[in-house]
Amino acid sequence: MDLQYFLCWRVAPLLLLMPCGLQCMSVHVLNEEPVHAIPGSTLILRARIEYGPLEEVSMVTWEREPETGITPEKETLATCPGKNVKCAGTRPGVHVNVEQQETTLQISEYRREDGGVFAVTVTDHTGAKTTAYCIVREYEEVHHVSVSINISHSVLVCGEAWGTEPHFSWLHERVAITKTVGKVSKDGTTLFVTMAPICGHFTCMVSNKRGHSSATYTAGSS
């Protein structure tokens, strides 16, 4: 047995034991999920592509389908070659950028119906495919704020029906809560009242990027 044959015989099994060393393409979305987009704004999704030295990206495809539904219809947003290029989507306002190890999808003038499950599929030079998914939802306004009280524990609780990234704050007689009035919980939803007796107007303000809403509880002095 000559040396070259012996070395090939020893190296081949090692390559089989390391399938991801030279050939193991993967893709993952960099955005935190779920992604919330405000209608009229620009939606940008980014994905990282990892591949070995023996692999080459031949195609990148971005698709979208509704998050719910019995038979959701898949929409192809863009199909681009794997080299460093910028390509237009299948409809106006959609653009894709493909770099060496990253791809970016941009949708201008995001619409409510643009939400759903987005998929980015990377195809290598052999035709093998790998896909990553990302959920995109509308950034909703805050709605239906309410305040309830637990008299026995001197606690006021602020509730909000729905809304993305709600921020809670409290007022007493239109002034921020002080230590003489009470203490607000870390998440802002609960006010522990320390003043006695409990009286006056307690207002819970809920806000986010799209606006704010409030509710007031009035406590009597008797």
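**Notebook: loops, strands and disulfides**

I began at Pro197, which lies in the loop between β16 (190-193) and β17. Strands here are DSSP runs of E with at least two residues, helices runs of H or I with at least four residues, and both are numbered from the N terminus. I noted that the peptide bond from Ala196 to Pro197 is cis, with omega near -5°.

The model is predicted, so I kept in mind that local features need pLDDT of at least 70, that side-chain atom pairs count only at pLDDT 80 or more, and that totals for chains, interfaces and linings use all residues. Residues are numbered from 1 along each chain as its sequence is written, and side-chain values use heavy atoms, with hydrogens and water left out.

I then turned to Glu33 and Pro34, which are joined by a cis peptide bond with omega of about -10°. I placed Pro34 in the loop between β1 (26-29) and β2 (35-37).

**Entry: the chain as a whole**

I counted two helices and 18 strands in the chain. Of its 222 residues, 36% count as buried, where buried means under 20% relative accessible area, exposed over 50%, and partly exposed in between (1.4 Å probe, protein chains only). I recorded an accessible surface of about 13,600 Å² for the chain, 55% of it belonging to carbon and sulfur atoms; the areas come from the Shrake-Rupley method with a 1.4 Å probe, and for residues only the protein chains shown count as cover. Among contacts (heavy atoms within 4.5 Å) between residues at least 6 apart in sequence, 50% join residues at least 24 apart.

**Entry: strand β9**

How many residues of strand β9 are buried? I found nine of the nine (residues 116-124), so the strand is largely enclosed by the rest of the structure. I looked up its partners next, two strands being paired if DSSP finds at least two bridges between them. Strand β4 (residues 57-65) is joined to β9 by eight bridges and runs antiparallel to it; within this pair, Glu65 stands opposite Val117. Eight bridges also join β9 to strand β10 (residues 129-138), again antiparallel, and here Gly116 stands opposite Val136. I noted that β9 and β10 form a hairpin with four residues between them, and that Gly127 in the turn has a positive phi of about 95°.

I located Asp114 in the loop between β8 (102-107) and β9. At 1% relative accessibility, Asp114 counts as buried. Its side chain makes a polar contact with the side chain of Arg111 at 2.8 Å; such a contact is a pair of N or O atoms within 3.5 Å, where within protein one must be able to donate a hydrogen and the other to accept it, and residues adjacent in sequence count only if both atoms are side-chain atoms. Leaving aside neighbours within four places in sequence, I listed Arg64, Arg91, Ile107 and Glu109 as the contacts of Asp114.

**Entry: the cysteines**

I counted two disulfides, each a pair of cysteine sulfur atoms within 2.5 Å. Cys80 is joined to Cys87, S to S 1.7 Å, and both residues are buried. Cys158 and Cys204 form a disulfide with sulfur atoms 2.0 Å apart. The torsion about the S-S bond of Cys158 and Cys204 is about -85°, so this disulfide is left-handed. Cys158 lies in strand β12 (residues 155-162) and Cys204 in strand β17 (residues 200-208), so the pair ties together parts that are 46 residues apart in sequence. Both Cys158 and Cys204 are buried. With the bonded cysteines numbered in sequence order, I wrote the pairing as 1-2, 3-4.

I also checked Cys134, which counts as buried at 1% relative accessibility, and Cys199, which counts as partly exposed at 24%.

**Entry: an open sheet of four strands**

I traced an open sheet of four strands in the order β11-β12-β16-β15, with antiparallel pairing. β11 (143-150) and β15 (182-184) stand at the edges with a single partner strand each, so one side of each is left without a neighbour in the sheet. Seven bridges join β11 to β12, and in β12 the bridge partner of Ile149 is Leu156.

I noted a positive phi of about 50° at Glu165, which is not a glycine; Glu165 is placed in the loop between β12 and β13 (167-172). Glu173, also not a glycine, has a positive phi of about 55° and lies in the loop between β13 and β14 (175-176). Glu173 is partly exposed, with a relative accessible area of 40%.
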